[in-house]
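Take a walk through this protein chain.

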Amino acid sequence: MVQQELKRDLKNRHVQLIAIGGTIGTGLFLGSGKAIQLAGPSIIFAYLIVGIAVFFVMRALGELLLSKAGYQSFTDIAEDYLGSRAAFVTGWTYWFCWIMVAMADVIAVGVYVQYWFDIPQWVPAIISLIILLGLNLLTVKLFGELEFWFALIKVITIVLLIGIGVILLVMGFKTDAGTVSVQNLWEHGGLFPNGISGFLLSFQMVVFAYVGVELVGVSAAETSNPEKNIPSAINKIPVRILFFYVGALIILLCVNPWTELNATESPFVKTFSLVGIPIAAGIINFVVLTSAASACNSGLFSTSRILFNLSKNEQAPSNFAKLNKNYVPSNALLTSTLVVSVGALLSKLIPAQAFGIVTTISAICFIWVWGVILLCHIKYKKTQPKLQAKSTFKAPFTPFINYAVLTLFAIVLIIMMVAEETRPALLLTPLWFVLLFILYSNRRKKDKDIKLSA
């Protein structure tokens with residue numbers, strides 16, 4: 001008999017590193033260069049503001065997940081508090097988010113491998129996808145191990161960067177760009193060299209840098225001790241944001257005046273090069289390669305689990321709810337991988353602007369998912385006072401903070417509409433939601449027809 005329940009095989013160290021890996025990716029390693037060019041040193045405040053907002057989203061999600069033992073992801077929560085339509089749209093939107101992120105990252109894997117080998121980029125893209133698929137088909141514990149080591153590489157890189165940067169600051173080290181100093185944060189046009197407009201325009205890439213933090217919620221069904229592991233992982237997010245994002249960016253901007261960085265070059269590569277490490281570019285290329293592979297790995301995991309939950313809730317084909325002998329939703333995993341592979345095969349046809357469009361659409365859809373979590377928490381607080389009173393992991397400052405974060409997300413969407421670069425993606429994204437609402441309406445109509453005929 002096919003088992004219909006996911007196996008709780010993720011240990012505390014897996015959940016902790018999934019939480020770290022979910023908040024460190026190409027958005028930081030690659031996207032920070034573009035964001036710095038837009039905002040200058042004020043990018044630090046943008047990362048801090050969005051990081052605080054994401055933390056409160058995660059606290060709301062943590063309380064909701066632990067309020068009912070049967071919850072396996074936030075789509076189950078949306079079903080209870082916002083209805084089946086919201087669950088259907090949110091579930092498929094989250095799947096779409098990670099499909100797009102995985103497409104971008106698997107293509108990026110091909111690009112990074114070209115640094116060492118002169119081969120068509122779709123070849124390593126497909127090879128890496130096949131390897132990740134094979135590993136994900138085995139056990140969820142193996143997924144946890146993969147993310148553990150992927151995240152560890154990212155952590156070591158940033159710790160080295162910060163450690164070296166602090167040493168250079170103490171030494172007053174001189175580079176080709178000038179003296180390493182805290183004064184570099186304000187000596188080149190001030191903290192807001194491009195004004196408030198530049199600061200605001202950076203928010204799209206900053207939001208994208210945080211996508212994936214909610215993976216802790218997706219992995220809840222496969223966590224061995226969710227009551228302990230989920231709060232522990234969520235409560236450590238602020239420290240990780242301060243260290244891995246804000247801390248790393250402060251060091252980068254102390255070593256490199258923001259005017260010396262450009263959107264096409266990783267600021268991490270630039271920093272290691274200035275220190276005089278001859279193989280800096282190769283080291284960072286390897287780190288970025290593993291970061292992209294990690295994001296793709298997370299994408300395959302999350303999309304397969306979302307399809308599994310949608311199927312169990314009768315919002316997707318029933319085959320997606322079947323598990324293999326290793327308790328992995330293999331049909332859902334294979335389907336998601338197949339869709340992602342289309343992106344890899346078509347990589348030659350995607351113009352240079354495509355990555356920007358994909359990341360913008362992804363950021364918009366993630367804002368939808370985060371917004372749904374906050375709305376569910378508001379409804380939970382209003383309608384479930386007894387559950388809320390018994391909660392051992394209460395989200396702070398609610399419901400005020402929920403409305404404040406929702407307002408911030410609305411402002412980010414307005415900024416995307418104003419900015420020429422992100423406007424096309426913002427105007428295209430509603431088509432996805434229209435499609436989902438149509439599909440849901442058709443599905444409801446068919447269900448009614450079946451009941452009437454019976």
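The mean pLDDT of the protein chain is 81, and 84% of its residues reach 70 or more. Here pLDDT is the predictor's confidence in each residue, from 0 to 100. Confidence is lowest in helix H1 (residues 12-22), at a mean of 60. It is highest in helix H19 (residues 400-418), at 95. Where pLDDT is low, the predicted coordinates should not be read in detail.

Residues are numbered from 1 along each chain as its sequence is written, and side-chain values use heavy atoms, leaving out hydrogens and water.

Now the overall fold. The protein chain has 20 helices and two strands. Both kinds of element are DSSP runs, numbered from the N terminus: helices are H or I with at least four residues, strands are E with at least two. Of the 454 residues in the chain, 57% are buried. Buried means under 20% relative accessible area, exposed means over 50%, and partly exposed lies in between (1.4 Å probe, protein chains only). The chain exposes about 18800 Å², and carbon and sulfur atoms supply 68% of that area. Accessible areas come from the Shrake-Rupley method with a 1.4 Å probe; for residues, only the protein chains shown count as cover.

How do the contacts span the sequence? Among contacts between residues at least 6 apart, 82% join residues at least 24 apart. A contact means heavy atoms within 4.5 Å.

Next, look inside. The largest nonpolar core has 131 residues. Such a core is a set of buried Ala, Val, Leu, Ile, Met, Phe, Trp, Tyr and Cys residues joined through side-chain atoms within 4.5 Å. Ile-43, Ile-77, Trp-92, Ile-158, Tyr-210 and Trp-370 touch the most other members. Helix H6 (residues 84-113) gives the most to this core, with 19 residues.

Ala-87 sits in H6. Why does Ala-87 count as buried? Its relative accessible area is 0%, and the cut-off for buried is under 20%. Not counting residues up to four places away in sequence, Ala-87 touches Thr-75, Ala-78, Glu-79, Leu-310 and Gln-315. Gln-315 is 228 residues from Ala-87 along the chain, yet their C-alpha atoms are separated by 8.7 Å.

Helix H4 (residues 43-66) has 24 residues and reaches 34 Å from its first C-alpha to its last, close to the 34 Å expected. The expected span is 1.5 Å times one less than the number of residues. In H4, 19 of the 24 residues are buried. Helix H13 (residues 237-255) has 19 residues and reaches 26 Å, close to the 27 Å expected. H13 bends by about 30° at Gly-247. That bend is the angle between axes fitted to the seven residues ending there and the seven starting there. In H13, 14 of the 19 residues are buried.

Ser-298 lies in helix H15 (residues 280-312) and is buried, at 4%. Leu-334, in helix H16 (residues 330-345), is partly exposed, at 41%. Its C-alpha is 7.6 Å from that of Leu-133, 201 residues apart along the chain. Thr-398 is in the loop between helix H18 (385-390) and H19. Thr-398 counts as buried, at 16% relative accessibility. Leaving aside neighbours within four places in sequence, Thr-398 is in contact with His-377 and Lys-381.

Conventions. Predicted model: local features only at pLDDT ≥ 70, side-chain atom pairs only at ≥ 80, totals over all residues.
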